[in-house]
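Colleague: I have a model open and would like to learn how to read it feature by feature. Could you walk me through it?

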Amino acid sequence: MDIEVRNLTYEYDSGTPQAVRAVDDVSLTIPGGQFVGIVGHTGSGKSTLVQLIDGLLKPTAGSVYLDGEDIASRKFDRKHMRSLIGIVFQYPEYQLFETTILKDVCFGPLNMGLKQEEAVNAATDALLRLGIPRESFGASPFEISGGQKRRVAIAGVLAMNPKILILDEPTAGLDPGGREEVLGLLKSLNESGLTIILVSHSMEDVAKYVDRILVMNEGKIFMDGNGKEVFSHVEQLEEIGLAAPEVAYLMKAVHDAGIPVATNITTAEEACGEILRALKN
Amino acid sequence: MLKDITLGQYYRADSVIHRLDPRTKIVGTLVYMISLFLFNNLICYVFAAVFLTFVVGLSKIPPKFMFRGMRSVLFLLVFTVIYNIFLSTGTVIVKFWVFTITYEGIQQAVCMLIRLFLLIVGSSLMTLTTTPNQLTDGLESLFKPLKIFKVPVHEMAMMMSIALRFIPILMEETDRIMKAQIARGADLENRNIFIRVKSLIPILVPLFVSAFRRAGDLALAMEARCYHGGEGRTRMKAMSFSAGDIVAWVILAGYIFAVVFLGVTFKTFPEFLVLEMKAGLEYLIPTLSAR
């Protein structure tokens with residue numbers, strides 16, 4: 001399932017003196033199965049962009065196409081689209097409302113028109129996938145820990161069995177262990193064929209897992225490429241208030257110290273190998 | 001979608017009106033509102049309208065923005081006009097079925113419409129030019145004398161400013177929860193009222209949970225900063241009357257004088273005046289009880 005965005009513009013408070021252009025004439029294509037990271041500092045328009053893709057906001061101008069179909073068109077089946085695109089908002093645990101974890105996760109599938117039994121099956125699969133043990137399915141979603149709440153909320157979206165999964169800062173407020181867990185899960189979902197769009201401001205997260213990075217600044221796509229391409233432009237990233245992963249700085253320092261290493265390294269593992277290689281020579 | 005509510009919304013601008021002390025604005029608005037009910041002839045209304053236009057002009061608020069808040073009270077205005085046209089006695093113009101339209105009725109409808117219109121514009125001008133915080137500070141200061149009667153003025157003002165401060169936050173939160181549930185397939189646009197009411201549960205429950213959580217956090221933060229109420233507190237932004245306020249008070253005094261003068265001089269249609277007061281009462285009683 002391909003996403004195509006054409007000349008998309010969105011203004012908050014359109015027509016008033018407070019009007020802010022959050023997304024400014026953005027065009028891009030995301031082919032099915034890609035793991036895309038969208039980075040940018042606060043207010044760069046990344047959250048707005050993903051909400052436009054999911055049709056939760058109406059664009060001021062431009063359009064979004066899903067497999068060539070305009071999502072704003074009258075003929076388009078929006079209910080069906082909701083099951084195709086899952087979106088996990090920032091702090092998704094604040095959307096939990098049911099009396100038990102299982103019921104809450106069933107909410108999405110039931111809305112999609114699944115029968116009770118099918119919904120329970122889908123919910124069970126999603127919950128187990130996120131590491132929620134069967135015995136806590138009956139617990140209240142308000143009584144479990146913060147990290148578990150987050151995973152239940154993600155399961156609530158995953159249970160709808162989407163083809164495209166959008167996550168807005170899914171790791172915010174999680175401890176390093178929880179972060180690795182969530183990101184690892186996304187990677188495995190991606191490997192099983194899902195398109196993943198990960199909105200984040202953590203360069204480390206993005207560098208390690210995604211195929212393609214979109215850097216946003218002031219509502220526009222500032223850079224578009226894989227990790228190595230994007231992080232080789234450290235100066236430009238810093239100009240718009242972002243930073244490359246720590247490792248990129250380390251490699252630059254090593255290089256400047258006279259050891260001939262490549263500087264387009266983005267993860268700790270790669271850096272380790274590269275330094276060892278350079279030292280052996 | 002929830003951002004269209006103007007009532008109580010502050011419009012940021014730098015104008016003479018914005019810079020006035022909140023107490024001046026509160027008292028001024030109150031005086032203006034009372035003045036609208038003091039007199040009963042069109043000349044006074046025209047004068048009040050001109051005066052308000054002048055103040056709105058000074059405030060640098062675009063008229064388009066002023067009228068956006070009117071939409072919510074449109075029903076009240078229409079209701080008033082209909083009520084006055086059809087349900088007053090006097091010289092009959094048209095008569096059909098159970099309805100009679102009288103000359104006095106039309107006159108009263110027009111007067112009431114102007115009066116309510118000016119009332120709403122006048123009061124929204126205050127909220128548009130005064131931040132909620134200034135407003136509560138002003139009210140606190142004006143109600144200070146009540147402390148003699150052991151009224152917890154400061155605490156009430158604090159509660160009010162917290163409540164006001166939380167409106168946009170909860171609004172944003174609602175918007176976010178709504179989007180999250182819509183993304184999970186919640187049907188908020190169904191025409192069936194029962195389905196719609198039921199679909200509010202996934203929005204209201206998280207909203208209440210979040211409101212309580214925020215309230216708890218805030219209470220904790222206030223306690224951690226040793227907040228203990230009004231006794232002995234000083235302000236970061238102390239209110240003070242400036243030269244502009246003195247000018248405003250003088251203009252206000254002039255306005256009162258002019259209104260009383262016009263009201264006494266042009267006391268035309270004495271029987272209409274009586275009728276209108278009667279109609280006014282008849283109007284006020286059902287509207288108040290309707291609330």
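**Reading the model together**

Modeller: Gladly. Let's begin with chain B: residues 24 or more positions apart account for 76% of its contacts that have a separation of 6 or more. Keep in mind that this is a predicted model.

Colleague: Which helices and strands does chain B have, and in what order?

Modeller: Chain B has twelve helices and two strands. Along the sequence the pattern runs α-α-α-α-α-β-β-α-α-α-α-α-α-α.

Colleague: How many of the residues of chain B count as buried?

Modeller: Chain B has 291 residues, and 38% of them count as buried.

Colleague: Now the rings. How do I read an aromatic pair, and which one is stacked?

Modeller: Two numbers matter, the distance between ring centres and the angle between planes; planes under 30 degrees apart count as stacked. Over all chains, the structure holds ten aromatic pairs. One of them joins B:Phe51 and B:Tyr255, with 4.3 Å centre to centre and 25° between the planes, so the pair is stacked. This pair links distant parts of the chain: B:Phe51 belongs to helix H3 (residues 42–59) of chain B and B:Tyr255 to helix H11 (residues 243–265), 204 residues apart.

Colleague: Why do B:Phe51 and B:Tyr255 count as buried?

Modeller: Buried means under 20% relative accessible area. B:Phe51 counts as buried because its relative accessibility is 15%, and B:Tyr255 because its value is 2%. Both rings also belong to one aromatic cluster with B:Tyr32 and B:Phe47.

Colleague: Where does the charged end of B:Arg213 sit?

Modeller: Here the idea is to look at a charge relative to a ring. The charged end of B:Arg213 sits over the ring of A:Tyr94, 3.9 Å from the ring centre.

Colleague: What makes up the nonpolar surface patch?

Modeller: B:Val16, B:Phe54, B:Leu58, B:Val247 and B:Ile251 make a nonpolar patch of about 400 Å². Helices H3 and H11 of chain B each supply at least two of its residues. B:Val16 is in helix H1 (residues 16–19) of chain B, and it counts as partly exposed because its relative accessibility is 43%.

Colleague: Let's turn to chain A. Why is helix H3 of chain A largely enclosed?

Modeller: Count the buried residues along a helix. In helix H3 (residues 101–111) of chain A, nine of the eleven residues are buried, so the rest of the structure largely encloses this helix. Among them are A:Ile101, A:Leu102, A:Val105 and A:Phe107. From chain A, helices H2 (78–84), H4 (116–129) and H5 (146–158) pack against these buried residues, together with H8 (153–183) and H10 (201–224) of chain B. After H3 of chain A comes A:Gly113, with a positive phi near 95°.

Colleague: One more: is A:Ile213 buried or exposed, and what is it in contact with?

Modeller: Read the accessibility together with the contacts. A:Ile213 is in strand S9 (residues 212–217) of chain A and is buried, with a relative accessible area of 1%. Leaving aside neighbours within four places in sequence, its contacts include A:Val39, A:Met223, A:Val230 and A:Phe231. A:Ile213 and A:Leu198 are 15 residues apart in sequence and 9.4 Å apart in space, C-alpha to C-alpha.

Methods: Residues numbered from 1 in each chain as written. Chains lettered and ligands numbered in written order. Predicted model: local features only at pLDDT ≥ 70, side-chain atom pairs only at ≥ 80, totals over all residues. Heavy atoms only, no water. Phe/Tyr/Trp six-rings, centres within 6.5 Å; stacked < 30°, edge-to-face > 60°. Helix = DSSP H or I, 4+ residues; strand = E, 2+ residues; numbered from the N terminus. Buried < 20%, exposed > 50% of the residue type's maximum accessible area, 1.4 Å probe, protein only. Lys NZ or Arg CZ within 6 Å of the ring centre and 35° of its normal. Contact = heavy atoms within 4.5 Å. Patch = residues over 30% accessible without salt bridge, like charges linked within 9 Å, V, L, I, M, F, W, Y side chains within 5 Å. Areas by Shrake-Rupley, 256 points an atom, 1.4 Å probe, with all protein chains shown as cover. Salt bridge = Lys/Arg side-chain N within 4 Å of Asp/Glu carboxyl O.
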